[in-house]
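The following note sets out several points on the structure shown below.

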Amino acid sequence: MKTVSNFFSAIVMRYPKIIISITIVLTIFLGYGIIKLEVASEFGDDLPANDPLVQTKRYFQEVFGTKYLLFIGIEKTPTIYNPSTLQKVKDISEEIKHLNGIIEDEVISIATANNIKGRDWGLEVGAFMKDVPQTEEEIEQLRKDVQGNDMFYGRLVSKDETLTMIIASMEKINGKEKDKLVEDLYSLAKRFEGTEKFYFTGDPIGDYEIDRGIQHDMNRLMPFALLLILAGFSISFRRLRGVLIPTAIMILSIIWTMGLMGHLGYKINVVTSIIPMVMLAIVSSYGIHIIYRYYEVTPSIHNSLHASGEAVSRVAQALLMAGITSAIGTVTLVIFKIVSIKEFGLFLSIGIVFGFLLSLTFAPALLTLLKHQTNNIAKDNSKKEDIFDRLMPKLAGFTMRNRIPLMVITGIVFMASLIGISQIKVGINFVDFFPKDHRFTISANKFNDKVGGSNPLNIMIETPEPDGIKNPEVLRKMLKLENYARGIEGVGNTDSFARLIKRMHYVMNGEKKEFDVIPDSQELIAQYLLLYSMSGNPGDFDNLVDYEYRRVKVNIYLTTFDQERQREIFDEIQDYTGKIFPGNTKIAYEGLVRWIAQTDYVVTGKIQNIISSILVVFLFCTAVYRSLRLGILSIMPLTVATLLTFGIMGFLGIRLNMATAIITSIAVGVGVDFAIHYITHFREEIISLTMVTVSIGTLLILPVLFSFIDVKSLAHRKEAVMGYETKIRWAVVSIGLIFWFLFTFGSAFSEGLSPNVSPIETFGNKSIGELTARQIMERNDEVGTSKDSTSSITMKLINEKGQERMRKVSYWEKRDKEDNRNTLVKFQFPADVKGTGFLTLEHKGSEDDQWLYLPAMRKTRRISASDKGDSFMGSDFTYEDMEQEDMAEFEYKLLGVEDMKGEACYRIEGIAVSESKKKETSYSRRELWIRKTDFTMLKINYYNKKGDFFKTLTASDIKMISNKPRAHKLVMENFQRKHKTELLYEEISLDEELSDSLFTERQLVKE
């Protein structure tokens, strides 16, 4: 070690300018890496890649997508059942749909959720509250509808009727967008606030509140911490260089460390984000040693060069050992399997190495180039003793005189610590980290008390074959699991696909108690699902069951945030699930179990970390000091201190979690630092009271101060994902517009000049170039209309993963004398819905009549006439899309002529103008492409009420049937849902003079 000390002393004295130059170059290079740093926000990045829960999480995302839940509560006393509050629920539900990041079709409230209701005339599937009730009778009906649906009673509306909830699914977005979404939600609530109170919870809300809390703490404590350090430097050295040089060491080591992370491609995670704070506490001491030694030798050495060299020579051994052992204390964190802790230990140890290397090179190199300066702290202490000079010898004397009693007391404390350690609680109680009056704490408690919790444990049940979830026995076991879970203390509400099936069976059989069960027939279950699809959207069940009906999710909401209790609940549910489901059923878990797994890794990792760090430090010190006794002595303080720390944690109820695991590891490194300096000074018979004072102030007080920040940061912070918004440059837009004008007007101009006009391009006595938009639409209606038609249709529903659901139907259509369109649909495939029939009798100006025949029940049921905006048989088509439009209700505008797949087409805009149609339609406008040669529609773009383009219909494979063009393939693609539907037509017949008797209930049940 003496040789090493001489080495550092020599290079500082010989090459100070080179050292400074190299430091500047390295700082520029490594500093550039900081701009490469990205933030990791995925839970899967925090546990080992081969961890079963990480794999389960990825599997869940593949099946159900990456989504996060937001819970918005609206409270009104004595009841939410009043027109004003209900109007706010409806308005807020609609506005939330349009916020960036919200999945529009997955906003659930009493204004949007589909309720399966039994009515005197049959079955109705629709929103609880399509229109806000105004009369007492209407409000009472809404209350009864909610109370009568156990899927939503106590969930969407609390049983005391004072709180209603809106649940919104949020897609994965970057941190800035997520923060903006939360702020928009808060602004939305403020805009609607009145006599109602608003509550918000969910992971994105928690992330936002934690980040804001950390920012608040950091803005308040970081300046205070820096001032404390600078004050310590100033009081100790009373010279500007005594303040600036140690500060420079801290800043440079932080820049080097974080820059190296960026260059190596590491991302900042929940733990590594606090490395700079911890380095302030640790690295600040290294510069102190150099400055102190420098001022200690300057009275006898009147040259900065030699004074710096001598200072390095005296302190290098102790500083190297302290730095190396501190680095060892933190690098042993790599033994953890939690990736964020592993990376924290690695880069903090590198930062510590950077800190003491800069202290041994850059700091003394600067001192050699500065004017020689002395400081009165190094003067003969006999002239003026301070309190520490008087206290320390007395303390040392007391210790030596009472070493036996002190050893006994240490033993007693040691034994007491073991008792405290046995009482340590593990994990995090999320809510406890917020003040009791914090809005997040209030909201979380409100949801727990009123609506059965907002903290989900998700269970995925996978059957061996597709459609296995339709098996009645599987569904019954799911209900058993839910009922069992609801009986566990700490569990609130549950929901699953099985409850939906049970509800349908109940209302389809007159709401008789004996039918409030899972039906016995798989075919009947399939037919119930088909019935629901008559008005439901294709993605209505995406949060509960996969596309193949093979995997299903049970959601269990916990009302406790205590991780130990959560672990007990999870173990109990896991054990019960394994008992009731057969061995060929695969069970997987997601949700809060990620924290349970993380806690397991913290406990095992901490034990291994303590053992390994103490062992490595012992071996290192024994080798360096060449003394077994000094090796044991070096680890004794930190061993006893570590046990004492965990004992106190047990007695005070401080939990062992990621935060405390890391802080105790840092304490090991700092404790070794103290021990080594004591031993080194003891061996050198040098006792520097001033240095002890400064070291204790910096290395003990500051880590304690930072621990208050670190606990909160490490325990709960979810990193904001750093992203960059792509900006479209105006130059590109301008070029695009130029080409658009050239193409559009060029095509129109060339058409006008063309002397050749095909006979089919005439309408009355006008050439096609003179046709108005309405005339073109009338011609399209003429070629697309027939008195009756029959066809076989294959319907393919295709989700974003390319998975398909297929249905085959026979289809009949006929117009009566009043031009009402009557339709009959008979399902042929899949087998479990074969024979199911759907009859619609249209009545212009009034509600249509609709009947459904379910062969599994051998009964015909009248059903509610579907809303025009409802999904047609669970597809991306709506009933509005499938009907022939009344052109008198629309205004049409010719936008130009465009080429569509080699065909010249009119591009026409259609906008509803009648008040009734404006209210009924789901679209603000449509753009239609009509082929010039035969007036066949080739494409339609649809724009929602907000004006956003969201889906497209394309027609292809057009063939002549009875001298009329008919598309044999229609594809409707919904870009918001990332879903599409293909309709493939076969065996089309037109104008066959179908009998009226075909469109009757009697024909409906005929097989």
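**Note on buried charges and nonpolar cores**

1. T878 lies in the loop that runs between β20 (859-863) and α26 (879-882); helices (H or I, at least four residues) and strands (E, at least two) are DSSP runs numbered from the N terminus. The model is a predicted one, in which local features need pLDDT of at least 70 and side-chain atom pairs count only at pLDDT 80 or more, while totals for chains, interfaces and linings use all residues. Residues are numbered from 1 along each chain as its sequence is written, and side-chain values use heavy atoms, with hydrogens and water left out.

2. T878 counts as buried because its relative accessibility is 9% (buried means under 20% relative accessible area, exposed over 50%, partly exposed in between, with a 1.4 Å probe and protein chains only). Apart from neighbours within four places in sequence, T878 has contacts (heavy atoms within 4.5 Å) with K868, G869, D870, S871, F872, Y923 and K951.

3. K951 also forms a salt bridge with D881, at 2.8 Å from N to O; a salt bridge is a side-chain nitrogen of Lys or Arg within 4 Å of a carboxyl oxygen of Asp or Glu. This pair links distant parts of the chain, with D881 in helix α26 and K951 in strand β25 (residues 949-961), 70 residues apart. D881 counts as buried because its relative accessibility is 18%, and K951 is likewise buried, at 2%.

4. By the salt-bridge rule, the count comes to 39. One of these joins the side chains of E482 and R499 (3.7 Å, N to O), linking helix α16 (residues 472-486) to helix α17 (residues 497-507) across 17 residues. E482 and R499 are both buried.

5. In the salt bridge between R925 and E927, the closest N and O atoms are 2.8 Å apart. R925 is partly exposed, at 23% relative accessibility, whereas E927 is buried, at 6%. Elsewhere, a network of salt bridges links E462, D546, E548, R550 and R551.

6. Which residues have the most contacts inside the largest nonpolar core? They are I96, I110, M478 and F497, in a core of 139 residues; a nonpolar core is a set of buried Ala, Val, Leu, Ile, Met, Phe, Trp, Tyr and Cys residues joined through side-chain atoms within 4.5 Å. Helix α18 (residues 522-533) gives the most to this core, with 8 residues. A second, separate core of 83 residues includes F362, V617, F620 and Y625.
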